[in-house]
Amino acid sequence: MTIDIKPAPTAPDGEIMMIKENHFLDIFDSADMSLSFFGICIKNAPLLIFAIRLLTAGYPARIKDRNLGAKLLNKVKEVVRGNYDVNTFLSQVDNWFNFQANSINRLPEKVQNQRLTELRDYRDCLVAFFAKFQPKSLNDWKTEIDKIFDESTTTKKIIDLYTIHSGKGGEGHYTFIIYPENMPIEFEKQSTEERQQEQHMIYVALTRCLTRAKGGILWLVLEGKKDTVNYPKWLPHDYRKLWKDDKGEYFELDFEELEDIEF
């Protein structure tokens with residue numbers, strides 16, 4: 001299926017920039033920290049990993065999705081089954097993952113890929129969180145989760161990160177989509193409705209940015225180390241240029257130039 005995304009005739013100008021993940025923190029080095037920040041990602045684990053990167057670099061950040069934080073804590077409890085030991089936790093995660101994967105493989109083939117994708121995402125969240133905080137107990141897990149997965153109202157300038165679902169309706173001046181090349185999520189036996197829902201997530205992500213007149217810039221943060229980069233397949237080839245490549249060269253793209261995006 002092909003879907004064309006075009007700006008409305010009266011749409012205000014926008015600005016889009018692409019950067020590889022190894023230059024991610026460069027966004028904030030030169031940003032006006034009095035403006036708002038809005039990060040979004042289709043998967044949970046990269047969202048958590050980027051939140052940790054920001055916190056480690058000294059930038060205030062949080063994931064505005066308490067529901068996801070509660071789910072993550074419940075996964076920890078599933079993994080340890082009342083017997084938490086910091087020295088064996090990662091082994092417990094492996095055992096839990098293998099057990100859950102085997103259970104999923106017995107389900108109807110139509111749902112297997114989606115369930116396995118979700119399971120891997122939660123496993124990667126647990127491993128990333130443990131690697132950073134090394135919680136000594138379940139109470140420590142809850143404390144650290146509550147700090148990161150925070151929806152409280154505050155006047156402080158914080159870099160807010162969202163899942164696609166929790167970010168609906170929100171917007172920011174500096175808006176960044178983490179790993180847009182992972183969108184849409186596709187799997188075998190995917191129904192037409194499921195495919196359309198995944199494609200709609202691209203629209204949700206792309207429309208979270210304020211207009212350029214209001215200071216808005218949309219960043220696409222691409223996965224890839226120094227010598228590799230994968231662009232979103234829905235991004236036209238003419239616009240596959242990095243704002244800052246590994247040689248320090250810069251490129252800027254206007255939204256209104258982005259006339260047709262094909263899936």
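Start with the whole protein chain in view: of its contacts (heavy atoms within 4.5 Å) with a separation of 6 or more, 79% are between residues 24 or more positions apart. What you see is a predicted model, where local features need pLDDT of at least 70, side-chain atom pairs count only at pLDDT 80 or more, and totals for chains, interfaces and linings use all residues. Residues are numbered from 1 along each chain as its sequence is written, and side-chain values use heavy atoms, leaving out hydrogens and water.

Next, switch to a cartoon view. The protein chain has seven helices and seven strands; these are DSSP runs numbered from the N terminus, with at least four residues (H or I) for a helix and at least two (E) for a strand. Follow them from the N terminus and you will read β-α-β-α-β-α-α-α-α-β-β-α-β-β.

Now select residues 109–133, which form helix H5. Residues of H5 that are buried (under 20% relative accessible area, with a 1.4 Å probe and protein chains only) include Leu116, Tyr122 and Phe129. To see some of their cover, show helices H2 (44–56), H3 (66–80), H4 (89–104) and H6 (138–148).

Finally, pick out the cysteines. The structure holds zero disulfides, a disulfide being a pair of cysteine sulfur atoms within 2.5 Å. For cysteine 41, the nearest cysteine sulfur is that of cysteine 125, 9.6 Å away. Cysteine 41 counts as buried because its relative accessibility is 1%.

Note on methods: Expected span 1.5 Å × (residues − 1). Buried < 20%, exposed > 50% of the residue type's maximum accessible area, 1.4 Å probe, protein only.
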